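This note is intended for a colleague who is meeting the structure for the first time. Please read the points below with the sequence and the model in view.

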Amino acid sequence: MLSGFKQFILRGNVVDLAVGVVIGAAFGSVVTAFTTDLLTPLIAALVGKPDFSAVNFTVGTAVFKLGDFINALVSFLLVAAAVYFFVVTPINALIARSRKDPAPADPTTKKCPECKMEVPIDARRCGFCTSQLSAAQAA
């Protein structure tokens with residue numbers, strides 16, 4: 001039983017997942033610091049203090065803290081924008097640059113020298129004008 005557990009833990013995908021979670025947590029703190037320390041003060045400089053926590057309304061005895069929700073929504077949008085523009089976009093550009101264009105496919109047709117119609121590459125006679133085609137004739 002313990003050998004099976006050891007084999008499960010030492011499997012590559014479990015270790016990769018654990019490393020990904022640790023790196024993700026560390027990256028999350030970097031992105032959060034970026035948004036709270038850089039982007040939020042920038043927004044405050046442009047439009048005023050971006051704190052909506054005082055916005056709330058009451059129905060009966062229930063207090064609805066709409067401002068806290070708006071703060072969380074703005075924070076989420078800032079984090080999502082930071083991740084998209086500083087991680088996803090550069091990675092996509094890097095992947096696109098590293099991809100090689102596929103080699104062009106071999107031609108499957110050729111033109112008849114008499115009628116200029118497309119015929120299969122292995123054809124010995126044109127199906128349109130019935131002229132004989134040699135194997136050396138190509139486009």
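This is a predicted model: local features need pLDDT of at least 70, side-chain atom pairs count only at pLDDT 80 or more; totals for chains, interfaces and linings use all residues.

1. The model contains 2 aromatic pairs. In one of them, Phe57 and Phe64 have ring centres 5.0 Å apart and planes at 15°, so this pair is stacked. Stacking requires planes under 30 degrees apart. Phe57 is partly exposed, with a relative accessible area of 41%, and Phe64 is also partly exposed, at 40%.

2. The rings of Tyr84 and Phe85 likewise form a pair, with centres 5.0 Å apart, but here the planes stand at 80°, so the arrangement is edge-to-face. Tyr84 is partly exposed at 44% relative accessible area. Phe85, with 53%, is exposed, because the cut-off for that class is over 50%.

3. Val59 belongs to strand 1, which covers residues 57-59. This valine is exposed, with a relative accessible area of 51%.

4. In soluble globular proteins, nonpolar side chains tend to be buried together. Which residues make up the largest nonpolar core here? That core has 5 residues, namely Cys112, Val119, Ala123, Cys126 and Leu133. Leaving out residues up to four places away in sequence, Cys126 touches Cys112, Cys115, Val119, Ser131 and Leu133.

5. Ser131, one of the residues in contact with Cys126, is located in the segment after strand 4 (118-120). Ser131 is buried, with a relative accessible area of 16%. Its contacts, again not counting residues up to four places away in sequence, are Cys112, Glu114, Arg124, Arg125 and Cys126.

6. Lys110 deserves a separate remark. This lysine sits in strand 3 (residues 109-111) and is buried, yet has no salt bridge. Which side chain of opposite charge is nearest to Lys110? It is that of Asp122, 7.0 Å away, whereas a salt bridge would need the charged atoms within 4 Å. A polar atom of the Lys110 side chain does lie 3.5 Å from the backbone oxygen of Ala123.

7. Most residues other than glycine have a negative phi. Lys116, although not a glycine, has a positive phi of about 65°; this residue is in the loop between strand 3 and strand 4 and is exposed, with a relative accessible area of 55%. Thr130 also has a positive phi, near 65°, and is placed in the segment after strand 4.

8. Is Leu78 buried or exposed? Leu78, in helix 3 (residues 66-98), is buried, with a relative accessible area of 15%. Its contacts beyond four places in sequence are Thr35, Leu39, Thr40 and Ile43. Pro102, by contrast, is 24 residues from Leu78 along the chain, and their C-alpha atoms are separated by 38 Å.

Note on methods: Residues are numbered from 1 along each chain as its sequence is written. Side-chain values use heavy atoms; hydrogens and water are left out. Rings of Phe, Tyr and Trp (its six-membered ring) pair if their centres lie within 6.5 Å; planes under 30 degrees apart count as stacked, over 60 as edge-to-face and the rest as tilted. Buried means under 20% relative accessible area, exposed over 50%, partly exposed in between (1.4 Å probe, protein chains only). Helices (H or I, at least four residues) and strands (E, at least two) are DSSP runs, numbered from the N terminus. A nonpolar core is a set of buried Ala, Val, Leu, Ile, Met, Phe, Trp, Tyr and Cys residues joined through side-chain atoms within 4.5 Å. Contact means heavy atoms within 4.5 Å. Lys and Arg count as positive and Asp and Glu as negative; His and the chain ends are not counted. A polar contact is a pair of N or O atoms within 3.5 Å; within protein, one must be able to donate a hydrogen and the other to accept it, and residues adjacent in sequence count only if both atoms are side-chain atoms.
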